Amino acid sequence: MRLQVFCEDRLGLTRELLDILARRSIDLRGIEIDQVGIIYLNCPEIEFEEFRQLMSEIRLISGVTDVRKIQFLPAEREHRELRALLETLSDPVFSVSLNGKVDLANKAAFRLMDTEESQLIGEAANNLFPDFNFTHWLERDNASQVCRQVVISGMDYLMEVMPVYVTDSEDKDLLASAVIQLKQVSMSHLPTTLYRTQGEHGFEHLVGQSSKFRALVNQAKKFALLDAPLLIQGETGTGKELLAKACHQRSHRADNPFLLVNCVSMPDDAAETELFGCAPGIDHDGKKGQFEQADGGTVFLYEVGEMSPHLQIKLLRFMQDGTFRRVGEEREIKVDVRVICSTQKNLAERVSAGQFREDLYYRLNVLSLTVPSLRERPSDVQPLAELFLNQFSAELSQEKPMLQQGVPEFLTQYSWPGNVRQLRNVLFRAMTQIEDGCLTKEDIQLPETEQAAFLTEETMEGSLDDIMKRYESGILSNLYRSYPSTRKLAKRLNVSHTAVANKLREYAIGKK
């Protein structure tokens, strides 16, 4: 029961109202006093006869001009309106109390953190955003709005932290809480003066949860702090370049250039000029090569296994003492550059076949990392898919789609011969096909010639029944694309229609 009492501004009037409620043993749940002469009361519902007597008694108070029953208090209406507005925002928003814990968040925040409301509310803000010290900021005398770049689940966000002040009886502003808003942005659009956490391509941008991925990242973080040459091996599309950039950003060279040289299909003369530069000529002032431009930083040799024998000799000389000559120049130049290489070839085999210099191989292979293929770490498929869908939603200015039941398992069971790059391209194409905001298996176009079920170390986890179900689900998912009906699939597998229908229902295959 909510009451609206119109009255004069008289000392003691509110006390008389409360005395009436106390005499009748009516619990007061809330009270608001408007500056224009209105008092709002929130009480439990009472019987009609008692309600009639209460209204009469209130009207007899000196200074009360009218009293009526209303549906809600102004603060309740305002709270509901603000909450509705908050839920319509696509940006995640959090409210943080003075003790540094989240006490309010919208649906976008729950989706971003991939958690339930009960788990997020009460969580320390320092745990959610470890790169910003909320405890220290809340303790300041004059906390002001700040902006930070943060990375959450591999995505870049601009975090705005805004203080909320209330005015006390002495007209002093007191810090009551803080509001955090996250805006998804591209790193290239961030102001150059903005504080950044680990740079544009740090390890926080690499997403995965498998034991193999964690072991790779832990080893890479150790190697990143060293200056020795680093060789990164792995299949195409596994993210070797991103790993190289992350190593650079974690090193003491992070503020200096990171330059990439593509060793694939580049003529020797052009490649030599690209790497080492050329002396001034009649019609030009000369050119600095990548090694000279990257002085103090890192040069990344992409697919070094494709480098010609001539360039291998030139690179070997540079790797020995860091000196080189520009093309057409006698003067030697010495630079301080770390060399990181990548290859999808087996360099040891190429050395044995006489296609790569053995002495250069050992110069480059001082430190070595091998990036596992995506089929070797299937538990990383889903977090990577979530990352890409978040990115595409921002790029295409549309809501992130919901995943149809069974889609995560469907993606995990595929072999992904093109690895992370293929997964990204497939999901981008799927994003252009979705309807009603739901991504289905039918939206995901995969080559039919590839096997969907692979036995790996991770898929072998669990009981025999669990392993067999994963394998069976993978086979049915793969074949269903070629035989998209229970009768056709049953004929292909030489089993009954009922048996196939039950299995498809069990694994949610073909379900719209």
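Axes are lines fitted to C-alpha atoms, for helices over the stretch in contact, and angles run from 0 to 180 degrees between N-to-C directions. Helices (H or I, at least four residues) and strands (E, at least two) are DSSP runs, numbered from the N terminus.

The model is predicted: local features need pLDDT of at least 70, side-chain atom pairs count only at pLDDT 80 or more, and totals for chains, interfaces and linings use all residues. Residues are numbered from 1 along each chain as its sequence is written, and side-chain values use heavy atoms, leaving out hydrogens and water.

**Helix pairs**

| Pair | Angle | Axis distance |
|---|---|---|
| H1 (residues 13-23) and H2 (residues 48-59) | about 155 degrees | 10 Å |
| H8 (residues 211-224) and H9 (residues 240-250) | roughly 45 degrees | within 8 Å |

H1 and H2 are therefore roughly antiparallel to each other. Leu17, Ile20, Leu21 and Arg23 of H1 meet Leu54, Glu57 and Ile58 of H2, contact meaning heavy atoms within 4.5 Å. By class, this contact of H1 with H2 has five nonpolar, no polar and two charged residues. Here Ala, Val, Leu, Ile, Met, Phe, Trp, Tyr, Cys and Pro count as nonpolar, Asp, Glu, Lys and Arg as charged, and the others, Gly among them, as polar.

The angle between H8 and H9 makes H8 oblique to H9. Their contact is made by Leu216, Ala220, Lys221 and Ala224 of H8 and Leu243, Cys247 and Arg250 of H9. These residues divide into five nonpolar, no polar and two charged.

**Cores and tryptophan 416**

A nonpolar core is a set of buried Ala, Val, Leu, Ile, Met, Phe, Trp, Tyr and Cys residues joined through side-chain atoms within 4.5 Å. Buried means under 20% relative accessible area, exposed over 50%, partly exposed in between (1.4 Å probe, protein chains only). The largest such core has 52 residues, and Trp416 is among those that touch the most other members. Helix H15 (residues 381-396) gives the most to this core, with seven residues. A second, separate core of 30 residues includes Leu259, Ala271, Ala294 and Leu360.

Tryptophan 416 lies in the loop between helix H16 (407-413) and helix H17 (419-431) and is buried, at 0% relative accessible area. Its phi is near 50 degrees, a positive value in a residue other than glycine. Serine 25, in the loop between H1 and strand S2 (30-34), also has a positive phi, near 55 degrees, but serine 25 is exposed at 68%.

Technical notes
Angles under 35 degrees count as roughly parallel, over 145 as roughly antiparallel, 65 to 115 as roughly perpendicular and the rest as oblique.
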